[in-house]
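Subject: Structure handover

Hi,

Here is the structure I promised to pass on to you. Have a look at it first, and then read on for what turned up in it.

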Amino acid sequence: MSEMVGSDMARDWAMPLTGNIQVTSEMGERWGSFHNGIDLISDNLDLLAVDGGEVVMSEFHASYGNVVFIKHGDKYAGYAHMRDTPLV
């Protein structure tokens, strides 16, 4: 999954959460390395895909916790650190 969501592509995608959304970490330098994404929290637990695509992984991961990766053309969006893995 080498081509994760970049800032240019993300501008064209829908917000994956609704409700009271807070950005908890921006894309860029974080803790001495590059963080290639943004971290969001919301009071609404519904998760939306940023665009149409194919689910390529939905599982528990040692680093990401409950995670879903969706392939959108030649790019991927990851949804991680979720309380539960959504039905896909």
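Contact, as I use the word below, means heavy atoms within 4.5 Å. Please keep in mind that this is a predicted model.

Setting aside neighbours within four places in sequence, Tyr-79 is in contact with Pro-16, Leu-47, Leu-48, Ala-49, Val-50, Asn-66, Val-67, Val-68, Ile-70 and His-72. One of these, Val-68, stands opposite Tyr-79, which belongs to β7. Tyr-79 also belongs to the largest nonpolar core, whose seven residues are Trp-13, Val-50, Val-68, Ile-70, Ala-77, Tyr-79 and Met-82. Strands β6 and β7 each supply at least two residues of this core, and β7 gives the most, with three.

Now for the overall picture. The protein chain has one helix and seven strands, and from the N terminus on the order is α-β-β-β-β-β-β-β. Of its 88 residues, 25% count as buried. The accessible surface comes to about 6100 Å², and carbon and sulfur atoms account for 50% of that. Taking the contacts between residues at least 6 apart in sequence, 38% join residues at least 24 apart.

Next, the sheet. Three strands make up an open sheet in the order β5-β6-β7, with antiparallel pairing. Both β5 (54-61) and β7 stand at the edges with a single partner strand each, so one side of each has no neighbour in the sheet. On average, neighbouring strands here are turned by 15° against each other, direction ignored.

The two pairings can be taken in turn:

- β5 with β6: the strands pair in the antiparallel sense over seven bridges and form a hairpin with three residues between them. As an example of a bridge, Glu-59 has Val-67 in β6 as its partner.
- β6 with β7: six bridges join β6 (residues 65-72) to β7 (residues 75-82), and these strands run antiparallel. Here His-72 has Lys-75 of β7 as its bridge partner. The hairpin of β6 and β7 has two residues between the strands, and Gly-73 takes a positive phi near 65° there.

If you are checking backbone angles, two other residues deserve a look. Which residues other than glycine have a positive phi? Trp-31 is one of them, with phi near 55°; Trp-31 lies in the loop between β2 (28-30) and β3 (33-35). His-81 is another, with phi near 60°, and His-81 is found in strand β7. Trp-31 is exposed, with a relative accessible area of 77%. His-81 counts as exposed too, at 57% relative accessibility. The cut-off for exposed is over 50%, so both values place their residues in that class.

On aromatic rings, a search of the whole structure finds one pair. Tyr-64 and Phe-69 form this pair, with 5.7 Å from centre to centre and 70° between the planes, which makes the arrangement edge-to-face.

Finally, two aspartates outside the strands. Asp-43 is found in the loop between β4 (39-42) and β5, and is exposed with a relative accessible area of 59%. Not counting residues up to four places away in sequence, Asp-43 touches Thr-18, Gly-19 and Asn-20. The C-alpha atoms of Asp-43 and Asn-20 are separated by 5.7 Å, although the two residues are 23 residues apart along the chain.

Asp-84 is found in the segment after β7 and is exposed as well, with a relative accessible area of 55%. The C-alpha atoms of Asp-84 and Asn-66 are separated by 6.1 Å, with the two residues 18 residues apart along the chain.

Best wishes

Key: Residues are numbered from 1 along each chain as its sequence is written. This is a predicted model: local features need pLDDT of at least 70, side-chain atom pairs count only at pLDDT 80 or more; totals for chains, interfaces and linings use all residues. Side-chain values use heavy atoms; hydrogens and water are left out. Two strands pair if DSSP finds at least two bridges between them. Helices (H or I, at least four residues) and strands (E, at least two) are DSSP runs, numbered from the N terminus. Buried means under 20% relative accessible area, exposed over 50%, partly exposed in between (1.4 Å probe, protein chains only). Accessible areas come from the Shrake-Rupley method with a 1.4 Å probe; for residues, only the protein chains shown count as cover. Axes are lines fitted to C-alpha atoms, for helices over the stretch in contact, and angles run from 0 to 180 degrees between N-to-C directions. Rings of Phe, Tyr and Trp (its six-membered ring) pair if their centres lie within 6.5 Å; planes under 30 degrees apart count as stacked, over 60 as edge-to-face and the rest as tilted. A nonpolar core is a set of buried Ala, Val, Leu, Ile, Met, Phe, Trp, Tyr and Cys residues joined through side-chain atoms within 4.5 Å.
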